[in-house]
Amino acid sequence: MHKLWGKIVFGISTASLVGLYCLSFMPSALAKGNGNGNSQNNTTTSSNSGSTQSPSSTSTASSDFSSIVFNLDCVISGTVGNNSYSGSNCTNAGISFGTLTIKQNPSDPTKVDVVIDLAGDNVHKILDVSLNYDDSKFQNNAFEVSSSSPYDVKSFNVAENSIKAGPYSGLDLKISPKATGPSNDGFTATISLDAFDLNPEDFNFQDQLNKIFAAVHIGNYGNDPGVSGGNSIWVGASSYYKAPPPPVKVPEPGVTGALGLFAVTTLGLMKKNKQFRHQN
């Protein structure tokens, strides 16, 4: 009986010490190894350098960031308030229509997710999404697009430098959700390419005119972001920021201290048990 008790106490003590080490030291080591995981966000606006599909001059390695968030901040064609826009440019109207986020797929790191979040609370409908990719890498490759949200993908088309966003032309990849009613805000599509490890940086490129990074066709629009109506509007993203990955969680000092106290207590019990066995 005494031998069995000794084994139990020894097992508890060993497990406590191993758990204490893992929780106290390993997370901090992982955090140190995360490199630029805590880098500051970089906001970038499009530049008219004249080169075809140039990425931002401040682009950072994709491993440093978990996602790229494009600001839907300019109007290609449509009405905002009392002002109407139409043409081959994307004009900043001084208002945000939402965001388009490209991030690593959480289930498969070789894929990327495209998430649309429009202004307002489930008011508008996403009709089309147009993206740019790195022409030097892909050049009309056979991308696959599937849905990662309740709203399915109706169709997608790859036509490098030929995809139109209303009257605007020069994008690479177009995704159209299925019609689902007055709103499908929160639509998420997953992009994959056979035998290729995609990352958000592969889609961080401006169009052929070096003006926008992406475009969204918005329906159920009432002439202002967040207001429903019977119109539609084409908007673009002329700027973006990079969102750092979530920090590695380190255990609270109270948890670490409690585990340490438990380990010391069990070691003391084991010592007392050994003395008791010698006395008997």
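Helices (H or I, at least four residues) and strands (E, at least two) are DSSP runs, numbered from the N terminus. The model is a predicted one, so local features need pLDDT of at least 70 and side-chain atom pairs count only at pLDDT 80 or more, while totals for chains, interfaces and linings use all residues. Residues are numbered from 1 along each chain as its sequence is written, and side-chain values use heavy atoms, with hydrogens and water left out.

Now for the chain as a whole. Three helices and 13 strands turn up in the chain. Of its 280 residues, 42% are buried, where buried means under 20% relative accessible area, exposed means over 50%, and partly exposed is what falls in between (1.4 Å probe, protein chains only). The accessible surface comes to about 14200 Å², and carbon and sulfur atoms own 54% of that; such areas come from the Shrake-Rupley method with a 1.4 Å probe, and for residues only the protein chains shown count as cover. A contact means heavy atoms within 4.5 Å. Among contacts in the chain between residues at least 6 apart in sequence, 72% join residues at least 24 apart.

The chain averages 78, and 64% of the residues score at least 70. Over residues 20–52 the pLDDT stays under 50, and the model has 58 contacts beyond four places in sequence for that stretch. Residues 56–64 also stay under 50, this time with 20 such contacts.

Next comes the greasy inside. A nonpolar core is a set of buried Ala, Val, Leu, Ile, Met, Phe, Trp, Tyr and Cys residues joined through side-chain atoms within 4.5 Å. The largest one has 38 residues, and those touching the most other members are Phe97, Leu100, Ile116, Leu131, Ile175, Ile191 and Phe203. The elements that give two or more residues to this core are β2 (67–80), β5 (98–104), β6 (112–118), β7, β10, β11, β12 and β13. Top giver is β2, with five residues. Leaving out residues up to four places away in sequence, Leu100 touches a list of partners including Ile68, Phe70, Val115, Val129 and Val216. There is also a second, separate core of ten residues, among them Ala165, Leu171, Ile212 and Ala215.

Leu131 deserves a look of its own. Leu131 sits in strand β7 and counts as buried, at 1% relative accessibility. Beyond four places in sequence, its contacts include Leu100, Ile102, Leu171, Ile191 and Phe213. Leu131 and Lys174 are 43 residues apart in sequence, yet their C-alpha atoms are 6.4 Å apart in space.

Then there are the charged pairs. Side chains of opposite charge can pair when their charged atoms come close. A salt bridge here is a side-chain nitrogen of Lys or Arg within 4 Å of a carboxyl oxygen of Asp or Glu, and the structure holds three of them. One joins Asp128 and Lys174, at 4.0 Å from N to O. Asp128 lies in strand β7 (residues 125–131) and Lys174 in strand β10 (residues 168–177), so this pair ties together parts that are 46 residues apart in sequence. Asp128 is buried at 11% relative accessible area, whereas Lys174 is partly exposed at 25%.

Another salt bridge brings Lys137 and Asp202 together at 2.7 Å, N to O. Lys137 is in the loop between β7 and β8 (144–147) and Asp202 in the loop between β11 and β12, so parts 65 residues apart in sequence get tied together. Lys137 is partly exposed at 42%, while Asp202 is buried at 2%. Glu201 pairs with Lys242, their closest N and O atoms being 3.1 Å apart. That pair links distant parts of the chain, with Glu201 in the loop between β11 and β12 and Lys242 in strand β13 (residues 231–243), 41 residues apart. Both Glu201 and Lys242 are buried.

Finally, a word on backbone angles. Most residues other than glycine have a negative phi. Asn161 has a positive phi, near 65°; this residue lies in strand β9 (residues 153–165) and is buried at 17% relative accessibility. Asn210 has a positive phi too, of about 60°, although it is not a glycine, and Asn210 is buried, with a relative accessible area of 2%.

Terms used:
pLDDT is the predictor's confidence in each residue, from 0 to 100.
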